[in-house]
Amino acid sequence: MTDTSTPVQLQTVGFWFDPLCPWAWLASRWMLEVERVRPVRTEFHVMSLSVLNEGRDLDPDYRDLMDRGWVGARAAVGVEQAYGQGALRAFYTELGTRYHLRGEPVGDAGVVRDALAALDLDTSIAETATTDAWDEALRASHHAGMDPVGADVGTPVIHVNGKAMFGPVISPAPRGEQAGRLFDGVSLMTAYDGFFELKRTRTVGPIFD
C-alpha cells in the first residue's frame, strides 16, 4: 500500500546570536527544544554585540565586555566558514556552555581553543579569532540578521514568517510542549504584517538550568 499522506513541511527559523549574550543563549536553548516538539529547523547565524556597539558611549565595564566579545563571535564565523551550519550549532552549544554554565571567561582564546578541541575542530581558529581576519564576514553576517530588524535592538534576533524580530527574551527557557506553545504564539504574531512589539519590564535575570 502506498503512503499518500502529505509530508510535514519544516518551518525554518533564522536565529542570530552573539556567544557572550545570556539572553540569546536561553532563547537558543528554547529553539532547540522547539525542534523536538514542532516541525521546525533552526539555522544559526552570528551577530556581534561588539559590532553593534562600535562608536557608542558605554559604561567602562560593558565596554570591556564588548572589547573581549570579538574573539568568540569571530571564532563562530570561522567555524561556520570551515565546517558549515552543523558545526556552528555544535560550537555555539560548546562555547555557550563554557561561558554561561561554567563561568569561563569571555574573550579568552584558551576557552575558545578548548571548545574547538572538544569538538575535534581546528584549534588554530582560536588564534585567528584574535585578529581581524574574519571581521568582514562577521559584519556581513551581523548586518544580514540585524538590518531587517531596525535600530535599538540587540540579541537574540529571529527571522520567522518573513519577519525579523528581536527576542524573545525569556528566563528560564521552557521545555517540552510549553516550548512548542510559546513558539506557536510567536509564529502566529509574526505572521501578521502589522505586528511590531510586545514588552514588559524584566523582573528576573538569566536562569540557567
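Visitor: Where does Tyr92 lie?

Guide: Tyr92 lies in helix H4, residues 85-101. Helices (H or I, at least four residues) and strands (E, at least two) are DSSP runs, numbered from the N terminus. This is a predicted model: local features need pLDDT of at least 70, side-chain atom pairs count only at pLDDT 80 or more, and totals for chains, interfaces and linings use all residues. Residues are numbered from 1 along each chain as its sequence is written, and side-chain values use heavy atoms, without hydrogens and water.

Visitor: Is Tyr92 buried or exposed?

Guide: Buried means under 20% relative accessible area, exposed over 50%, partly exposed in between (1.4 Å probe, protein chains only). Tyr92 has 1% relative accessibility, so Tyr92 counts as buried.

Visitor: Which residues is Tyr92 in contact with?

Guide: Contact means heavy atoms within 4.5 Å. Neighbours within four places in sequence are left aside; the partners of Tyr92 then include Phe17, Trp25 and Phe44.

Visitor: What order do the strands of the open sheet have?

Guide: Two strands pair if DSSP finds at least two bridges between them. The order of the four strands is E2-E1-E3-E4, with mixed pairing. Strands E2 (40-46) and E4 (163-166) are the edges, each pairing on one side only.

Visitor: How many bridges join E1 to E2?

Guide: Seven, and the two strands run parallel. Strand E1 covers residues 11-17. Gln11 stands opposite Val40 in E2.

Visitor: Which helix packs on the sheet, touching E1 and E2?

Guide: Helix H1, residues 22-37. Axes are lines fitted to C-alpha atoms, for helices over the stretch in contact, and angles run from 0 to 180 degrees between N-to-C directions. The direction of H1 makes about 155° with that of E2.
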